Amino acid sequence: MVMKNVKIAQKKSANFYYLNHTLENLYSPLGVEILESPIAFKKYPWSRKYFDKKPQEGYFIWVKQQPVKPLITCVAISQAKTNQQLQNLLIIEKGIAAESLVSCSALTIGLCAKHQAQGKIILKEGASLSYKHLHSWGKEDYVKPDYEFILEKGARLDYFYQLLNPPKELTFKTKISLLEKASANLNVIMRSKNASINIEEEMDLLGKGAQGTVNLRLVAEKNTKIKAVNKLIAKAEGKGHLECQGMILDNQSSIELIPDLINKNKNSLLTHEASIGKINEEEINYLRARGLSQKEAINLIVNGFLHLNL
Amino acid sequence: MAQELLKITNLTIRLEKKIILDKVNLKLKKGEIHALLGPNGSGKTTLAQVLMGLPPYKIVRGTIIFKGRNITKFTPEKRSKLGLGLVFQNPPAIKGVTLKNLIQQISSKKKQKIEFFTDKAIDNLLMREINLGFSGGEKKVSELYQLVCLNPELVILDEIDSGLDIERLQQMIHFIKNKFYFKQSEKKGSQAIARGSYNRQRAFLIITHREDILKYLNPSMTHILLDGKIICSSKDWLVIWKTIKKYGYEKCENCSKKIC
């Protein structure tokens, strides 16, 4: 019965499941081509310009026709000291609206694994992508995602990143380039304990009418250091907004926000809003008066801050 | 004879160096409705918050006994679990947390059927973030709804009648008097009725500046708090109300009877 359900699901959704260094499952429905990156590198010479180096592992997804269901990409680690070095490429053809669910995780804690992913995501003219990216790691892991999104004319990106369980060290790099009338909305949600997190994010408004917003919600719970450098660059007439909000729950943690707004066009508007603070005691006490324990109250408020309740 | 539910003895409260409440004594029995009157800044809200165990007040001396237990050092959540509930005068807004989120957390602790006077107003509020952009009246509706879900034995209403329009106020008072006042037993059906516990009465401590709520709820005891001291207590709220309306609280301060 279970197997039957899996088969039905496969017929509906494109998927790529990669464990440690092995491809476990792959399904390409009509109009979506999915390959391992080294195979795509050989098969399509044009794809080579998108890879920084010859890939050893990773996925290549080429969406040529409007998909019915979301694309599902799952990369996991189950063996200790695994060192993944993925080179990924996702291309959405003109005018196609796609949804992508991406999960990268360690299946157990204490693996001391490394996960490095370098990826390019190309949205051709008028294409749109809702990209939901979840990370869940063990407390001894090192994780380094480095993604570049290129949005051609009129393309639209909604990117939601959520860190469910933090690794020991996370370097989160994102670059989004927006051409004429393209728009992007980047939401990053991180709640972490005992971690060191570096965020390097850059959004470039390169074409007239480009619009971009970045929204960061960061919670440093216990012995956590978070540093976020956010660049917003306007080279053409466009609009950009950067919002960073941080919450610190203990004295052994720190959050450093470095917004960097560079405007090179007199008709562009770049704005920025940031705050880092502690949790409001009055809110905790209000919830405690309703019978919630201190821990339950903090949890509810923090999830609210991260917009997870809504 | 009804059992004593709350007994405050010699309660003296300090905030930084200032004494806010001075040797306050108050006794409240099961099912009784008491009113607490006093000018702005006399310490009424402080008393309500101290009863609930909220900071930042320091207890200099005195005890609070609730249901026979000394709760003076209890945390707010422990007091809430024991059956004490407070309608906040100015509840804080909590971003990103809907009223429904909170109700789910409260309801997961106590299972009961909720009966409320305005399903429509509550349905509109449930999906909104708690107290964020709520009007004065909406805050009071939300507060009372939370208390109904908590099902407490003693309800402290800190100016529940402020910010409400007259129609909504009357609906609310009617609900309190005819429904909320009667505490349903956790045991259901004829068994509970036979044991006489189906309609046990809830006790209320009402903090107010308005006559309407007193008129409808007819408190059995009314206290006047002035400069942190209870200076007068009376079984007839109307006598007190008429006196302060005509002469102000100063008359009570200078009155030698200390009881009307």
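Glu33(A), Lys43(A) and Lys64(A) are tied into one network of salt bridges. This is a predicted model, and across its chains the salt bridges come to 17.

- Glu33(A) and Lys43(A) make a salt bridge, with 2.7 Å between the closest N and O atoms.
- That pair links distant parts of the chain, 10 residues apart: Glu33(A) sits in strand 3 (residues 32–36) of chain A, and Lys43(A) in helix 2 (residues 37–43) of chain A.
- Glu33(A) counts as buried, at 13% relative accessibility.
- Lys43(A), on the other hand, is partly exposed, with a relative accessible area of 47%.

**Other salt bridges**

- In chain A, the side chains of Lys120(A) and Glu148(A) pair up at 3.8 Å, N to O.
- Here too the pair links distant parts of the chain, 28 residues apart: Lys120(A) comes from strand 8 (residues 114–123) of chain A and Glu148(A) from strand 10 (residues 142–151) of chain A.
- Lys120(A) counts as buried, with 13% relative accessibility.
- Over in chain B, Glu211(B) and Lys245(B) form a salt bridge at 4.0 Å, N to O.
- Glu211(B) is in helix 8 (residues 211–217) of chain B and Lys245(B) is in helix 9 (residues 237–247) of chain B, so this pair ties together parts that are 34 residues apart in sequence.
- Glu211(B) is partly exposed at 26% relative accessibility, while Lys245(B) is exposed, with a relative accessible area of 62%.

**Two lysines to click on**

- Lys140(B) belongs to helix 5 (residues 136–150) of chain B.
- Is Lys140(B) buried or exposed, and which side chain of opposite charge is nearest? Lys140(B) is buried yet has no salt bridge, and the nearest side chain of opposite charge is Glu159(B), 6.3 Å away.
- Setting aside neighbours within four places in sequence, Lys140(B) touches a run of residues including Asp158(B), Glu159(B), Ile160(B) and Ser162(B). Phe88(B), Gln89(B), Leu164(B) and Met172(B) are also among its contacts.
- Lys173(A) lies in strand 12 (residues 169–178) of chain A.
- Lys173(A) is partly exposed, at a relative accessible area of 29%.
- Beyond its neighbours within four places in sequence, Lys173(A) is in contact with Pro145(A), Asp146(A), Tyr147(A) and Glu200(A).

**Chain A overall**

- Chain A has four helices and 19 strands.
- Its radius of gyration is 20 Å, close to the 19 Å that the globule rule gives for 310 residues, so chain A is as compact as a globular protein of that length.
- Along the principal axes, the C-alpha atoms of chain A fill a box of roughly 60 × 55 × 35 Å.
- Some 53% of the 310 residues of chain A count as buried.
- Of the contacts in chain A with a separation of 6 or more, 79% are between residues 24 or more positions apart.
- Chain A exposes about 14,000 Å², with carbon and sulfur atoms supplying 50% of it.
- Chain A carries 42 positive and 31 negative charges, and their mean positions are 5 Å apart.

**Chain B overall**

- Chain B has 10 helices and 12 strands.
- Of its 260 residues, 50% count as buried.
- Residues 24 or more positions apart supply 69% of the chain B contacts with a separation of 6 or more.

- Most residues other than glycine have a negative phi, and most peptide bonds are trans.
- Pro55(B) and Pro56(B) are joined by a cis peptide bond, with omega about 10°.
- Pro56(B) is in the loop between helix 1 (44–52) and strand 4 (58–66) of chain B.
- Lys23(B) is not a glycine, yet its phi is positive, near 45°.
- Lys23(B) sits in strand 2 (residues 18–29) of chain B and is partly exposed, with a relative accessible area of 49%.
- Asn131(B) also has a positive phi, about 60°, although it is not a glycine.
- Asn131(B) is in the loop between helix 4 (119–126) and helix 5 of chain B, and is buried at a relative accessible area of 4%.

Methods: Residues are numbered from 1 along each chain as its sequence is written. Chains are lettered from A and ligands numbered from 1 in the order in which they are written. This is a predicted model: local features need pLDDT of at least 70, side-chain atom pairs count only at pLDDT 80 or more; totals for chains, interfaces and linings use all residues. Side-chain values use heavy atoms; hydrogens and water are left out. The radius of gyration is taken over C-alpha atoms; the globule rule is 2.2 Å times the number of residues to the power 0.38. Buried means under 20% relative accessible area, exposed over 50%, partly exposed in between (1.4 Å probe, protein chains only). Contact means heavy atoms within 4.5 Å. Accessible areas come from the Shrake-Rupley method with a 1.4 Å probe; for residues, only the protein chains shown count as cover. Lys and Arg count as positive and Asp and Glu as negative; His and the chain ends are not counted. The place of a charge is taken as NZ of Lys, CZ of Arg, CG of Asp or CD of Glu.
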